Amino acid sequence: MSEKTIIQKDFYRESGKWLSTGEIWAKCINPNLHYVYLLRKCQQHSKKSVFGIFWRFVLRHHQIKYGFQIYPETQIGEGFYLGHWGTVVINPKVKIGKNCNIMQGVTIAQANRGKHEGVPEIGNEVWIGTNAVIVGKIKVGNNVLIAPNVYLNTDVPDNSVVVGNPAQIISKLNATEDYINYKV
């Protein structure tokens with residue numbers, strides 16, 4: 001089997017099927033998948049190259065159109081999945097691991113002061129629920145489920161569920177089981 005592209009791996013997460021280029025384009029009718037496609041095209045090219053400038057211009061247009069504010073500088077692992085169309089804001093300095101799901105209304109932001117000044121680092125296989133806010137120089141471990149409407153500004157260990165506001169961390173071995181499908 002040939003090596004799969006990062007775009008194919010991202011789209012695999014949606015259906016569990018390896019898609020051809022034509023099938024990927026057909027799926028781009030969905031705003032969330034279309035945006036991931038454009039984001040990855042930007043990340044494939046140097047910022048100052050002709051293709052890089054072109055794809056960044058196209059991405060900027062679709063940031064406004066769809067409400068996603070995720071920049072090409074953001075380090076995002078393969079198997080990235082935006083669950084729904086809706087406002088998502090991610091600071092360009094954030095690092096996100098493999099097989100992560102982000103739902104609508106999520107903000108992953110920088111803290112500009114205090115003991116957690118900086119940006120979050122998100123591990124592998126993290127599911128982030130609707131309207132969650134993750135702020136500051138914190139580390140979110142692997143296999144973590146962040147429930148909807150959580151405000152998180154503290155480190156989270158591997159194999160955890162985060163609920164409530166203020167955030168409460170509950171240890172759970174299979175935290176993202178049945179939440180993250182079709183891992184790459």
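Which residues are buried in α1? I7, Q8, K9, D10, F11, Y12, R13 and S15 are buried in α1, where buried means under 20% relative accessible area with a 1.4 Å probe and protein chains only.

This is a predicted model, in which local features need pLDDT of at least 70, side-chain atom pairs count only at pLDDT 80 or more, and totals for chains, interfaces and linings use all residues. Residues are numbered from 1 along each chain as its sequence is written, and side-chain values use heavy atoms, with hydrogens and water left out.

**Helix α1**

Helices (H or I, at least four residues) and strands (E, at least two) are DSSP runs numbered from the N terminus. Eight of the ten residues of α1 are buried, leaving the helix mostly covered. Its buried residues pack against α2 (21-27), α3, β3 (81-82) and β6 (101-102), contact being heavy atoms within 4.5 Å.

**Nonpolar core**

A nonpolar core is a set of buried Ala, Val, Leu, Ile, Met, Phe, Trp, Tyr and Cys residues joined through side-chain atoms within 4.5 Å. The largest one here has 50 residues, and I102 and I146 have the most contacts inside it. Elements that give two or more residues to this core include α1 (6-15), α3 (31-43), α4 (50-66) and β12. α3 supplies the largest share, seven residues. Apart from neighbours within four places in sequence, I102 contacts F80, Y81, L82, G83, V88, I90, I96, I108 and I128.

**Packing of α3 and α4**

The axes of α3 and α4 lie 9 Å apart at an angle of about 155°; axes are lines fitted to C-alpha atoms, for helices over the stretch in contact, and angles run from 0 to 180 degrees between N-to-C directions. The two helices, α3 and α4, are therefore roughly antiparallel, a term for angles over 145 degrees. On the α3 side the contact includes P31, H34 and Y35, and on the α4 side W55, R56 and V58 are among the residues involved.

**N143**

N143 sits in the loop between β11 (139-140) and β12 (144-146). N143 counts as buried because its relative accessibility is 11%. Its side chain makes the polar contacts tabulated below, a polar contact being a pair of N or O atoms within 3.5 Å; within protein, one must be able to donate a hydrogen and the other to accept it, and residues adjacent in sequence count only if both atoms are side-chain atoms.

| Side-chain pair | Polar contact |
|---|---|
| N143 and N159 | 2.8 Å |
| N143 and T176 | 2.6 Å |

Not counting residues up to four places away in sequence, N143 also touches others, including N124, E125, D158 and K172.

Key: Parallel < 35°, antiparallel > 145°, perpendicular 65-115°, else oblique.
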